[in-house]
Amino acid sequence: DRSRDVTVSVKEAGTYTVEVRGTNGSAPTSYEYQADANGQFTVPVTTTNANVAFVSVRRAGQPESLEGKYRIQSVATGQYLTLQSDTESGMTDDFVVLTTGEANAAVWTLEETAEGSYFVLNADKGMNVRFRGNGSNHIVASTKNDNPNQHWAFAKVGDGIYTLCNRNTGQYLDSLGQTAEASKLEQRPASGQTTQQWRLVPVS
């Protein structure tokens with residue numbers, strides 16, 4: 001075992017839940033702390049048969065983090081978000097389409113941004129979902145950067161079901177109800193329809 005104390009500094013007063021997770025697959029250890037504004041608290045971190053431990057901190061009242069790997073399924077069609085090479089325009093972006101397949105191209109990693117939205121990164125290529133722009137509403141994936149057109153806000157609308165709103169445009173990821181294999185996706189204004197609802201299916 002290896003142990004050390006980690007000091008956590010926070011800006012806002014409140015109750016904080018801290019989770020310490022090793023890389024050896026063991027169950028995480030959770031702690032709860034009360035902190036003043038601009039305060040600090042110390043977290044004991046012990047690793048057993050692991051070289052690295054991850055420490056996550058969340059203030060009470062904040063939504064649960066969605067970070068992790070998922071298949072992202074359209075509620076309207078049952079198909080999955082999938083990365084497909086762009087063979088039409090010769091651009092470096094790849095299209096994000098709907099398929100029934102379960103290949104690595106249909107696995108996505110959600111990575112939280114500083115403001116609480118998410119990067120949606122393809123687990124196979126590491127490319128991040130964004131809207132294409134330049135007169136096109138199509139959804140594509142390209143090399144990750146911190147442009148807001150690559151940030152997506154997830155809003156829960158049911159058990160494991162979310163809408164995805166682009167932080168740059170305020171429009172929503174929409175399947176358009178298409179059921180053909182490899183149908184392209186677009187961003188559209190909020191409609192309240194199931195074409196804009198997506199189920200997160202965890203991938204171990």
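**Close-up views of a predicted model**

**View 1. Surroundings of leucine 81.** Beyond its neighbours within four places in sequence, leucine 81 is in contact with Ile72, Val96, Val97, Leu98, Ala105, Ala106, Trp108, Leu173, Leu185 and Trp198. The coordinates shown here and in the other views belong to a predicted model.

**View 2. Nonpolar cores.** The largest nonpolar core comprises 25 residues, of which Leu81, Val96 and Phe154 touch the most other members. Another core, of 10 residues, lies apart from it and includes Val8, Val10, Ala35 and Val43. In soluble globular proteins, nonpolar side chains tend to be buried together.

**View 3. Serine 74 in its strand.** Serine 74 belongs to strand E6, which spans residues 68-74. Serine 74 counts as buried because its relative accessibility is 1%, where the cut-off for buried is under 20%. At 3.3 Å, the backbone nitrogen of alanine 76 is reached by the side chain of serine 74.

**View 4. Contacts of serine 74 with residues elsewhere in the sequence.** When neighbours within four places in sequence are left aside, the residues in contact with serine 74 are Gln79, Leu98, Ser175, Gln197 and Trp198.

**View 5. The whole protein chain, for context.** The secondary structure consists of 18 strands and zero helices. The protein chain has 204 residues, and 40% of them count as buried. Of the contacts between residues at least 6 apart in sequence, 56% join residues at least 24 apart. The chain exposes about 10900 Å², with carbon and sulfur atoms supplying 44% of this area.

Methods. Residues are numbered from 1 along each chain as its sequence is written. This is a predicted model: local features need pLDDT of at least 70, side-chain atom pairs count only at pLDDT 80 or more; totals for chains, interfaces and linings use all residues. Side-chain values use heavy atoms; hydrogens and water are left out. Helices (H or I, at least four residues) and strands (E, at least two) are DSSP runs, numbered from the N terminus. Buried means under 20% relative accessible area, exposed over 50%, partly exposed in between (1.4 Å probe, protein chains only). A polar contact is a pair of N or O atoms within 3.5 Å; within protein, one must be able to donate a hydrogen and the other to accept it, and residues adjacent in sequence count only if both atoms are side-chain atoms. Contact means heavy atoms within 4.5 Å. A nonpolar core is a set of buried Ala, Val, Leu, Ile, Met, Phe, Trp, Tyr and Cys residues joined through side-chain atoms within 4.5 Å. Accessible areas come from the Shrake-Rupley method with a 1.4 Å probe; for residues, only the protein chains shown count as cover.
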